[in-house]
There are 2 protein chains.
Amino acid sequence: MTQTGGRPRRADARANRDRILDVAEDVFGRGGETASTDEVARLAGVGIATVFRHFPTKAALLQAVLVRRYDRLRGQAEALLDTPDPGAAFYGFFRHLVADAATKIAIGDALLDAGGDDDGAATRASAGLRRAVGALLDRAQQTGAVRDDVELPEVYALLVATSRAAAHGDLEAEVKARMLAVVFDGLRPR
Amino acid sequence: MTQTGGRPRRADARANRDRILDVAEDVFGRGGETASTDEVARLAGVGIATVFRHFPTKAALLQAVLVRRYDRLRGQAEALLDTPDPGAAFYGFFRHLVADAATKIAIGDALLDAGGDDDGAATRASAGLRRAVGALLDRAQQTGAVRDDVELPEVYALLVATSRAAAHGDLEAEVKARMLAVVFDGLRPR
């Protein structure tokens with residue numbers, strides 16, 4: 001798919017980049033010791049040089065994966081702002097984030113190990129998701145689905161706490177669901 | 001405090017052991033890169049050989065520290081089983097465990113780094129604490145202070161989740177308190 005003897009065309013380069021990100025999200029999202037840039041190149045069907053042309057370091061690759069994931073989640077949250085049932089949107093998205101957490105935490109930990117988020121792009125993307133959750137919370141409070149005396153910091157702390165607990169892996173699905181049910185009951189007005 | 005030319009007397013050896021454990025709990029409980037067996041020996045005022053006579057490996061030292069801490073917490077929980085207000089005992093002890101969590105997590109992580117809990121003594125001590133929390137939960141449920149449709153697995157998951165969130169360090173005390181208030185409201189009968 002490259003021009004004969006030349007560099008890949010822009011559209012091919014873009015497709016390669018997307019495929020590398022998809023595979024990297026999958027490989028590093030599973031976590032574990034075997035996750036590596038080599039494995040990403042192999043599964044994406046490109047040479048390691050192509051990976052490094054797009055992402056000069058492992059940290060750059062992981063950062064791009066994490067930013068894309070945060071941005072996607074933020075987009076999902078923003079799309080829910082127009083739904084007719086803000087309570088269902090808030091609680092449903094909370095549940096969705098907890099279910100998604102293991103992958104996000106594995107990628108975030110790998111990024112930390114690889115030297116971190118040097119220019120803060122992942123931190124900014126994470127803050128964007130947090131703001132979107134804050135907007136869902138506001139709407140759910142306006143309709144009385146969430147008590148109006150709680151604020152985003154403790155709601156986000158609970159989200160992070162239950163996400164980490166759920167991602168830890170040794171909790172049965174039923175226990176995770178009952179754990180969230182307790183938190184949601186605590187968030188509902190009496 | 002040793003017999004001239006001989007080994008320490010039994011009472012001295014015991015006092016040394018206790019002092020080493022106290023200092024190790026403090027040093028490793030603070031976490032960080034500088035925590036080491038050398039620093040424990042120095043702050044306990046004993047030679048490194050004395051530390052290694054009592055605890056042949058760093059893992060053995062950390063395991064003993066963690067076992068003692070779990071046993072102490074279990075004792076505190078059991079002492080609360082006789083109080084006249086089982087609801088206050090349960091919620092108060094939950095809060096106490098969350099406040100205590102940063103130290104316990106730092107020691108547990110150091111133990112993991114040092115090669116782990118090979119004979120399972122720390123795991124057994126942790127299970128003992130969990131059982132004692134279960135007994136506090138039972139009593140609080142019997143008196144109606146905790147709803148009777150929750151079970152220990154999700155209560156413990158919430159305890160671990162909020163402990164990890166609180167230990168993470170970037171939460172203000174007020175946010176931690178409000179986070180726990182939401183969980184406690186979720187645990188109270190409607």
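Reader: Why are α1(B) and α4(B) called roughly perpendicular to each other?

Author: This is a predicted model, and in it the axes of helix α1 (residues 10–30) of chain B and helix α4 (residues 58–79) of chain B cross at roughly 90°. Angles of 65 to 115 degrees count as roughly perpendicular, so α1(B) and α4(B) get that label. Their axes also come within 10 Å.

Reader: Which residues make that contact, and what are they by class?

Author: On α1(B) the list includes B:Ile20, B:Leu21 and B:Phe28, and on α4(B) it includes B:Leu61, B:Leu62 and B:Val65.

Reader: Over to chain A. What makes A:Glu25 and A:Arg68 a salt bridge?

Author: The closest N and O atoms of A:Glu25 and A:Arg68 are 3.0 Å apart. The rule asks for a side-chain nitrogen of Lys or Arg within 4 Å of a carboxyl oxygen of Asp or Glu, so the A:Glu25 and A:Arg68 pair counts.

Reader: Where are the domains of chain A, and how many salt bridges does the rule find across their interface?

Author: The domain assignment gives domain 1 (1–56) and domain 2 (63–187), and the rule finds four salt bridges across the interface of these two domains of chain A. Ten residues of domain 1 touch ten of domain 2 in chain A. About 720 Å² is buried between the two, with carbon and sulfur atoms giving 59%. Their C-alpha centres lie 28 Å apart.

Definitions and conventions. Residues are numbered from 1 along each chain as its sequence is written. Chains are lettered from A and ligands numbered from 1 in the order in which they are written. This is a predicted model: local features need pLDDT of at least 70, side-chain atom pairs count only at pLDDT 80 or more; totals for chains, interfaces and linings use all residues. Side-chain values use heavy atoms; hydrogens and water are left out. Axes are lines fitted to C-alpha atoms, for helices over the stretch in contact, and angles run from 0 to 180 degrees between N-to-C directions. Helices (H or I, at least four residues) and strands (E, at least two) are DSSP runs, numbered from the N terminus. Angles under 35 degrees count as roughly parallel, over 145 as roughly antiparallel, 65 to 115 as roughly perpendicular and the rest as oblique. Contact means heavy atoms within 4.5 Å. Domain bounds come from an automatic or database domain assignment. Buried area is the accessible area (1.4 Å probe) that two parts lose on being put together, summed over both.
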